Amino acid sequence: MVSLPVHHIGLITRHLERSLSVYMALGFEQETEIIADTVQQNRIVFLGSTAPQTMRLELIEPMEGSSVARLPDGWQHICFDALSIPDFENWFSKQKIGKL
């Protein structure tokens with residue numbers, strides 16, 4: 001069995017600053033400035049937490065136009081740390097649990 005560390009969990013929000021305040025009140029710390037990702041048409045920010053265990057979140061706010069984040073508010077993706085993309089793709093396809 002392969003065990004891959006989770007790098008972060010992506011969450012979609014329609015109100016980035018409001019969500020940022022909520023997660024900071026819950027103990028998360030802002031790791032980055034708010035970034036305008038003009039390629040994917042999103043505004044994003046990364047948050048981190050160390051207690052009781054390390055966890056990173058990416059808050060994603062769709063920008064006007066053709067954002068890739070077309071889902072409703074909530075969970076969007078899990079990003080894994082993988083040393084080799086081909087090895088990860090091979091392992092993931094063998095699990096038969098979804099598409100990349």
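User: Buried means under 20% relative accessible area, and exposed means over 50%. So where does Phe92 fall, buried or exposed?

Analyst: Phe92 is buried, because its relative accessible area is 13%, and the cut-off is under 20%. Keep in mind that this is a predicted model.

User: Where does Phe92 sit?

Analyst: Phe92 lies in helix α2, which covers residues 85-95. Phe88 is in that helix too, four residues away, or about one turn.

User: How are the rings of Phe88 and Phe92 arranged?

Analyst: Their centres are 5.7 Å apart and their planes meet at 35°, so the pair is tilted. Phe88 counts as buried, at 15% relative accessibility.

User: Which residues make up the aromatic cluster there?

Analyst: Phe88, Trp91 and Phe92 form one cluster.

User: How many aromatic pairs does the structure hold?

Analyst: Four. One of them is Tyr23 with Phe28: the ring centres lie 5.8 Å apart and the planes are at 85°, so this pair is edge-to-face.

User: And those two, buried or exposed?

Analyst: Phe28 counts as buried at 12% relative accessibility. Tyr23 is partly exposed, at 23% relative accessible area.

User: How much of the chain is buried?

Analyst: 26% of its 100 residues count as buried. The accessible surface comes to about 7,100 Å², and carbon and sulfur atoms hold 57% of that.

User: What share of contacts join residues at least 24 apart?

Analyst: It is 54%, taken among contacts between residues at least 6 apart in sequence.

User: Now the strands. Which way does β1 run beside β5, parallel or antiparallel?

Analyst: Parallel. β1 spans residues 6-12, β5 spans residues 55-62, and four bridges join them. Across that pairing, Leu11 stands opposite Leu59.

User: What about β4 and β5?

Analyst: They pair in the antiparallel sense, over eight bridges. Strand β4 covers residues 42-49. A hairpin of five residues leads from β4 to β5.

User: Which residue of β5 stands opposite Arg43?

Analyst: Glu61 does. The two also form a salt bridge, with the closest N and O atoms 2.5 Å apart. Arg43 is in β4 and Glu61 in β5, 18 residues apart, so the pair links distant parts of the chain.

User: Why can side chains like that pair up?

Analyst: Side chains of opposite charge can pair when their charged atoms come close.

User: Are Arg43 and Glu61 buried or partly exposed?

Analyst: Glu61 counts as buried, at 11% relative accessibility. Arg43 is partly exposed, with a relative accessible area of 23%.

User: What else is in the salt-bridge network with Arg43?

Analyst: Glu17, Arg43 and Glu61 are linked in it. Glu17 bridges to Arg43, with the closest N and O atoms 2.6 Å apart. Glu17 is in helix α1, residues 16-25, while Arg43 is in β4, 26 residues away. Glu17 is partly exposed, at 41% relative accessible area.

User: How many salt bridges does the count come to?

Analyst: Three. Glu31 with Arg56 is one of them, and the closest N and O atoms there are 2.7 Å apart. Glu31 sits in the loop between β2 and β3, and Arg56 is in β5, 25 residues apart. Glu31 is partly exposed, at 42%. Arg56 is partly exposed as well, at 23%.

User: Last one. Which residues make the nonpolar surface patch?

Analyst: Val6, Ile78 and Phe80, and the patch is about 240 Å². Val6 belongs to strand β1. At 47% relative accessibility, Val6 counts as partly exposed, because the cut-off for exposed is over 50%.

Notes:
Residues numbered from 1 in each chain as written. Predicted model: local features only at pLDDT ≥ 70, side-chain atom pairs only at ≥ 80, totals over all residues. Heavy atoms only, no water. Pairing = 2+ DSSP bridges. Helix = DSSP H or I, 4+ residues; strand = E, 2+ residues; numbered from the N terminus. Buried < 20%, exposed > 50% of the residue type's maximum accessible area, 1.4 Å probe, protein only. Contact = heavy atoms within 4.5 Å. Areas by Shrake-Rupley, 256 points an atom, 1.4 Å probe, with all protein chains shown as cover. Phe/Tyr/Trp six-rings, centres within 6.5 Å; stacked < 30°, edge-to-face > 60°. Patch = residues over 30% accessible without salt bridge, like charges linked within 9 Å, V, L, I, M, F, W, Y side chains within 5 Å. Salt bridge = Lys/Arg side-chain N within 4 Å of Asp/Glu carboxyl O.
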